[in-house]
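I set out to record what I looked up in this model, entry by entry.

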Amino acid sequence: MSASIQKGVNVLKEVIDAPIASFFASCVHCGLCAEACLFYTETGDPKYTPIHKLEPLKKVWRQEYTLLGRLAKMTGLAKPLSDEEMDEWQELVYDSCTLCGRCTLVCPVGNDLTYMIRKLREGMAVAGHAPGGIVSAVKRTVEIGSPMGVKLPALLNVIKHVQEDTGLEIPVDKTGAEYLAVLSSMEIINYPEYLGALAKIFKQAGITWTISSEAFEATNAGIQIGISDIARQIVSRIVDAAEKLKVKKVLSPECGHAYTALRWEGPNLIGRPYNFEVVHVLELLEFLRDHGKLELEDKIKEAVTFHDPCQIVRRGGVLTAPEHLVNAVAENYVPMPDPGKWNWCCGGGGGASAIHEPDAEELRFKAFKRKKSQLEATGVKTMVTACANCRITLEEGIDHYGMDTQVLGLTELLAEHLKR
Ligand code: SF4
Ligand code: SF4
């Protein structure tokens, strides 16, 4: 066994906690998780069955923590995990899993398959079996502070343009503001109008806010690759900035993974509770609407549908805000089939959109067929969503299949319809 595989196996031994051991022991092989996973439903290939994706972890569990498995290993009847197996499983653990959580929701015995895949990634990454695209994103995050290599001067340049366009100030490093807004690189590069939308919304609501020059990136490539030390480092940057600026709340951007990383994994990663609140931008918008501080005019008349980002809705628990907000701005909202917590992933979450090998891209387009058929079922040409990563994945799928559909960001849409 090579040194790197040995390290990977050691990590897998460590991550197998009591829940994981009981999950493996309680699987009744019903196959329901396969029907919940878009990589299986859109390809029909049984290798994409979620519980099958966990075979390397299961092998270590069996050989280390069950009597029969230990005996088989000692007598040479069972072979240890090999480099070849890890290599074969890389596609199953990264390319074909977006950590969307749908399999977890359907398992009749309550197996948290998504949690297990996330844990398996920890061993895969240490063993050197993470995709190059995600490894590069992690490297850029550690060295530069952003998975897409966005440095502070680039952000300041975007801020300058947004200020000129909107005539509003984008505050930077303002101590004592109520909110610290963090962003995803995807928003800074591809959808800078999100920043302008925030400025308009905060202005109308009369709320103070700021951006930090030391921690403006919200996405967490450490969680996507499965390296907790890096995930902790990324969360700590935001915690340090929030504490230094003495804000009351940190506003997570639309980006789904940024939200689950910061809100649900962050305190566990740093080992203590935050002394500020984490709020998703849709939660803030719903709060403002409910308290008469998000006044809208000129609802859009054309029919619109909404793509629920998995990490915000199913995994993040922001269940009602999207529908309430879309209804507030559109006269004709047509729900997508399987809405809310039953949504189907865009196919690009969990770091999958950062994997650019041709096979991975081809698989993403196959998986997108689910969203394509859902969109066709609604019969509408405008899809709203609330995650920059979903948005870019949806736009790529729409372009690939030559569909006549536009994708809009919900925060920007609301900002465009604010009462003047
Ligand atoms: S988390 Fe989503 S993509 Fe991953 S195995 Fe489960 S259903 Fe499939
Ligand atoms: S749904 Fe649960 S019990 Fe059924 S095969 Fe998948 S992991 Fe096993």
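How do the residues of the shell around ligand 2 divide into nonpolar, polar and charged? I found 9 nonpolar, 3 polar and no charged residues there. I counted Ala, Val, Leu, Ile, Met, Phe, Trp, Tyr, Cys and Pro as nonpolar, Asp, Glu, Lys and Arg as charged, and the others, Gly among them, as polar.

Conventions. The model is predicted, and local features need pLDDT of at least 70, side-chain atom pairs count only at pLDDT 80 or more, while totals for chains, interfaces and linings use all residues. Residues are numbered from 1 along each chain as its sequence is written, chains are lettered from A and ligands numbered from 1 in the order in which they are written, and side-chain values use heavy atoms, with hydrogens and water left out.

Ligand 2. I listed the residues that surround ligand 2 (a heavy atom within 4 Å of the molecule). Among them are Cys-27, Cys-30, Cys-33 and Cys-107, together with His-29, Ile-51 and Asn-111.

Ligand 1. The residues around ligand 1 include Cys-37, Cys-97, Cys-100 and Cys-103, as well as Phe-39, Lys-53 and Thr-114. By class, I noted 8 nonpolar, 3 polar and 1 charged residues in the shell around ligand 1. Helices α5 (50-53) and α10 (113-126) each supply at least two residues of this shell. Helices (H or I, at least four residues) and strands (E, at least two) are DSSP runs, numbered from the N terminus.

First sheet entry. I traced an open sheet of 4 strands with parallel pairing, in the order β2-β1-β3-β4. Because β2 (209-210) and β4 (277-280) stand at the edges, each with a single partner strand, one side of each is left without a neighbour in the sheet. Strands pair if DSSP finds at least two bridges between them. Strand β1 (residues 179-181) is joined to β2 by 2 bridges, and Tyr-179 has Trp-209 as its bridge partner in β2. Helix α18 (residues 281-290) lies across β1, β3 (249-252) and β4, at about 80 degrees to β4. Angles run from 0 to 180 degrees between N-to-C directions, with axes as lines fitted to C-alpha atoms, for helices over the stretch in contact; contact means heavy atoms within 4.5 Å.

The order β6-β5-β7-β8 describes an open sheet of 4 strands, with parallel pairing. The twist averages 45 degrees from one strand to the next. Strand β5 (residues 300-307) pairs with β6 over 3 bridges, and the bridge partner of Val-304 in β6 is Tyr-333. Helix α19 (residues 321-329) packs on the sheet, touching β5 and β6, and its direction makes about 125 degrees with that of β6. Helix α21 (residues 388-400) touches β5, β7 (382-385) and β8, and its direction makes about 175 degrees with that of β8.

Lys-372. I located Lys-372 in helix α20 (residues 358-378). Lys-372 touches Tyr-401 and Met-403, not counting residues up to four places away in sequence.
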